[in-house]
Amino acid sequence: MTQIKDIRKMYFEEGKNISQIARETGHDRKTVRAYLDKVDWNQKPPKVKKETAFPKLNPYKDDIDTWLNEDKKARRKQRHTAKRIYDRLVEKYGEGFNCSYRTVAGYVAVKKKEIFSAKEGFLPLKHTPGEAQADFGDADFYENGRHYRGKSLTLSFPHSNKGYTQLFKGENQECLFEGLKAIFEHIGGVPPRIWFDNASTIVAKVIKGGGRNLTDDFMRFMEHYRFEAAFCNVDAGHEKGNVENKVGYHRRNMLVPVPRFEDISEFNEELLRRCEEDAKRTHYRKNGTIEELYRDDKTALLELPKTAFDTSKYITVKTNGYGKFLLNKGLHEYSSAPKFANKYVLVRLTAFHVTVLDESYREIVRHERLYGNYKQQSMQWLPYLNLLARRPGALKYTGVYHMLPQPIKEYMEDLSKQEKGKVLRTIADLTQRSSFEKAVETIRAALSYGVTDVDSLINLHSRLHEKALQLEPVRLPEHIPNLKRYEPNFIAYDKCLGKAGVKGC
């Protein structure tokens, strides 16, 4: 209507002719003239579609509807055909069933469209049991003392208002898959329908008419778990209001104060347990607790697939002369191993790790995955240290030497070739026992003490970074008698010392 109004204004108020208006608006001259000549602006009432009633089937519709709704939990190849429904009705009612196959087939066709057709673009006001909504929200946390501006993935069930949440360091495809998989396995099933927004990790393109071109990986994930994905309108994430409220509720009640933990995977397991405890409260509007209402959701869940889904993403990358490669548009740098310098390597990406694999899919090195749109690097030193330990004479002539932290270079400055090899092997062992950072701390401490031998390094590392073993006191059996404590008498020795130099003493 806005375009029509502009066309009429250009003609009647601005005095432009039809040709000018057609050029400026891009409309055909006939279209412009039709808008100008139109005098009747009444809106025609819509036509009501006639429903195929199938009155003869009324006594049997409940059975048919139940069977078709149960099919939502079955694989496509194991769903009822019209012929199978007809046969079941004949088996159940015998001669009392007086409807033709054609009547049954007609009703089944209409009902299947109602049950199985995708309805995109809006959320129903009445939430069907088992239907879920998923969304990411912002969440800060500390892991091993390091602060992360991370994300929380929440899956909520609007029918019961039950929800589950999982923490991640970022928001990507691997985080989505790992989070949903963990929740599916925890609840022992899969929601038959899940609502999402139009995130690029899921939707490759929103096409005209409301359709979506989904990413290949997400379609594989959907097919594996057999759920149906539904989407909000573009820029209308508020349409899935239940999960948006749940994201905020979990953040206020489970992530305040800002959580601190050592391992994010263990904390995610704790979050699932907290979500179960939270469901014991009374529903804000319905009668009963959230957990009681969730029983309907639980009944509607699809069965978990027997085969586990690999949430990893596999890519090939080219390393540089140091065996390093870049991810996240060149911002994040990871190491592999010296022997893979200037070669293509296979990399497995998960929500938490970046793992370099050899040609037999064996792990070479594993990194904590980096997140954030700024330059970072992760260096796994063990493969490089092992190489240097075998060739200490070439240490200063390799690019690896310049990558070593200053304390290590300073420590080895005056060592012989043989001593350098021993120290490098020791640093590699200490790295494997704890971490490279702790091994560097040990070297720094050794410099302050002025020690250079390998034994001192090992002992110093144990004192700095390893807990002292606390032994329980030894308790003797009852049959062993208590011995009288021996008290030495040094008087005789004192007398001799008083006669120092006297013969016979």
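**Close-ups of a predicted model**

View 1. Tyr361 sits in the loop that links strand 13 and strand 14; strands here are DSSP runs of E with at least two residues, helices are runs of H or I with at least four, and both are numbered from the N terminus. This is a predicted model, where local features need pLDDT of at least 70, side-chain atom pairs count only at pLDDT 80 or more, and totals for chains, interfaces and linings use all residues. Residues are numbered from 1 along each chain as its sequence is written, and side-chain values use heavy atoms, with hydrogens and water left out. Tyr361 isn't a glycine, yet its phi is positive, at about 65 degrees. Its relative accessibility is 62%, so Tyr361 counts as exposed (exposed is over 50% relative accessible area, buried is under 20%, partly exposed is in between, with a 1.4 Å probe and protein chains only).

View 2. Reading across, the order is 9-12-13-14, and the pairing is antiparallel (two strands pair if DSSP finds at least two bridges between them). Strand 9 (313-318) and strand 14 (363-368) are the edges, each pairing on one side only. From one strand to the next, the twist averages 25 degrees; axes are lines fitted to C-alpha atoms, for helices over the stretch in contact, and angles run from 0 to 180 degrees between N-to-C directions. Within the sheet, strand 12 (residues 344-349) and strand 13 (residues 353-357) run antiparallel and are joined by four bridges. Look for Leu346, which stands opposite Leu357 in strand 13.

View 3. Asn342 has a positive phi, near 60 degrees, without being a glycine.

**View 4. The cis peptide bond at Pro257.** Val256 and Pro257 are joined by a cis peptide bond, with omega at about -5 degrees. Pro257 belongs to the loop between helix 9 (241-254) and strand 8 (260-261).

**View 5. Ser152 and its contacts.** Ser152 is part of strand 2 (residues 146-157). With a relative accessible area of 3%, Ser152 is buried. Setting aside neighbours within four places in sequence, its contacts include Asp135, Phe136, Thr165, Gln166 and Val247 (contact means heavy atoms within 4.5 Å).

View 6. Cys175 is buried at 0% relative accessible area, and Cys275 is buried at 1%.
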